[in-house]
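Q: I'd like to learn how to read a structure, one feature at a time. Could you walk me through this one?

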Amino acid sequence: MDPHDAPHVLLTNDDGIDAPGIRALYDALTEVATVTVIAPDRNQSAVGRSLSYGRTGSESDDRSIDLEADGFTSPVPHADHELGYAVDGTPCDCAIVGVNALEPRPDLVVSGCNSGANLGAYVFSRSGTVSAAMEAAFLGTPSIAVSMDTLGMESELEPTDFAHTGEIAAALVEGVPGTGLFDRVDYLNVNVPRPDVESEGFELTRPTEVYEMDAALENGEFQLTNRLWQQMANRDIPDPEDTDRHALLEGQLSVSPMRVPYDVVKTDAVAKILEDIL
């Protein structure tokens, strides 16, 4: 790899900088790109697009990277790590710092690899992995969120378990430049089958809109139940064939090309209803 020709990749995640998934992606991506790692110093799963902005971190200020907005500066404490920078903050903090605070500005942001799939439209504002990719896209930097299905895997995961996922991420990073893909797409949400599932090719998918989160009051305590994960475990789920979850359950690599921002419903009927109310 000629370092002068290689793309500059910012690598982050939400499982934390010591997670096996980010190590596997780092090993794979350094073969095809110049990689800077800025990732949370601990698990930040399911924090969505939250920021530490305006809050005081737990580390000393002399190790902080500052973010500025409208003249207000908020410290984001960090420490050096063998992979790069371990940040006392969220995945979106890491994406903002990596895109704006360091030179050179990355050509591409890769977020992952998440231990567990990130599937469905409902998960996009919840997943730290996808949120970091979304944050980069909002900042004008193309990005790829990478997650791997681990449902049913009982042993503790090692970087080798993510080796195939690393190969897929590296293929995308190496192959995308010059194709014009990110002139049409802001970010990709990629979900890889379990390492013990043989798959060929990929399915171009859309995030499923099926959502079945349940709650109950049992024995004096509130209980939350994700019916979709139950159905996924049974490999029985009511998703259309062109959706991400359907593809993954069929053992296929799912790639969802996404745009930001969210769609806005602006019709005469909506306007009339609001005019009558307001």
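A: Gladly, and let's start with a pair of helices: α2 and helix α3 (residues 128-138) pack at an angle of about 30°, with their axes 8 Å apart. Because angles under 35 degrees count as roughly parallel, over 145 as roughly antiparallel, 65 to 115 as roughly perpendicular and the rest as oblique, α2 is roughly parallel to α3. The axes are lines fitted to C-alpha atoms, for helices over the stretch in contact, and angles run from 0 to 180 degrees between N-to-C directions. Helices (H or I, at least four residues) and strands (E, at least two) are DSSP runs, numbered from the N terminus.
This is a predicted model, in which local features need pLDDT of at least 70 and side-chain atom pairs count only at pLDDT 80 or more, while totals for chains, interfaces and linings use all residues. Residues are numbered from 1 along each chain as its sequence is written, and side-chain values use heavy atoms, with hydrogens and water left out.

Q: Which residues in α2 and α3 meet?
A: Contact means heavy atoms within 4.5 Å. Here Pro91, Cys92, Ala95 and Ile96 of α2 meet Gly128, Ser131, Ala132, Glu135 and Ala136 of α3. The residues of this contact divide into 6 nonpolar, 2 polar and 1 charged (Ala, Val, Leu, Ile, Met, Phe, Trp, Tyr, Cys and Pro count as nonpolar, Asp, Glu, Lys and Arg as charged, and the others, Gly among them, as polar). As a general idea, an α-helix has 3.6 residues a turn, so residues three or four places apart point the same way.

Q: How many of the residues of helix α2 are buried?
A: Buried means under 20% relative accessible area, exposed over 50%, and partly exposed in between (1.4 Å probe, protein chains only). In helix α2 (residues 91-100), 9 of the 10 residues are buried, so the helix is largely enclosed by the rest of the structure. Among the buried ones are Asp93, Cys94 and Val97.

Q: How do I read a pair of aromatic rings?
A: Such a pair is described by the distance of the centres and the angle of the planes. Rings of Phe, Tyr and Trp (its six-membered ring) pair if their centres lie within 6.5 Å; planes under 30 degrees apart count as stacked, over 60 as edge-to-face and the rest as tilted. By this rule the count comes to 2 aromatic pairs. In one of them, the rings of Phe124 and Tyr187 have centres 6.3 Å apart and planes at 55°, so this pair is tilted. Phe124 lies in the loop between β6 (108-115) and α3, and Tyr187 in strand β8 (residues 187-192), so the pair ties together parts that are 63 residues apart in sequence. Both Phe124 and Tyr187 are buried.

Q: What should I look for in the backbone?
A: Most residues other than glycine have a negative phi, and most peptide bonds are trans. In this model, a cis peptide bond joins Glu103 and Pro104, with omega about -5°, and Pro104 is found in the loop between α2 and β6. Another cis peptide bond joins Gly112 and Cys113, with omega about 0°; Cys113 is in strand β6.

Q: Which residue has a positive phi of about 65° although it is not a glycine?
A: That is Ala46, in the loop between β2 (34-40) and β3 (64-69). Ala46 counts as exposed, at 54% relative accessibility. Asn219 also has a positive phi, of about 55°, and lies in the loop between β10 and β11 (221-226). Asn219 is exposed too, with a relative accessible area of 82%.
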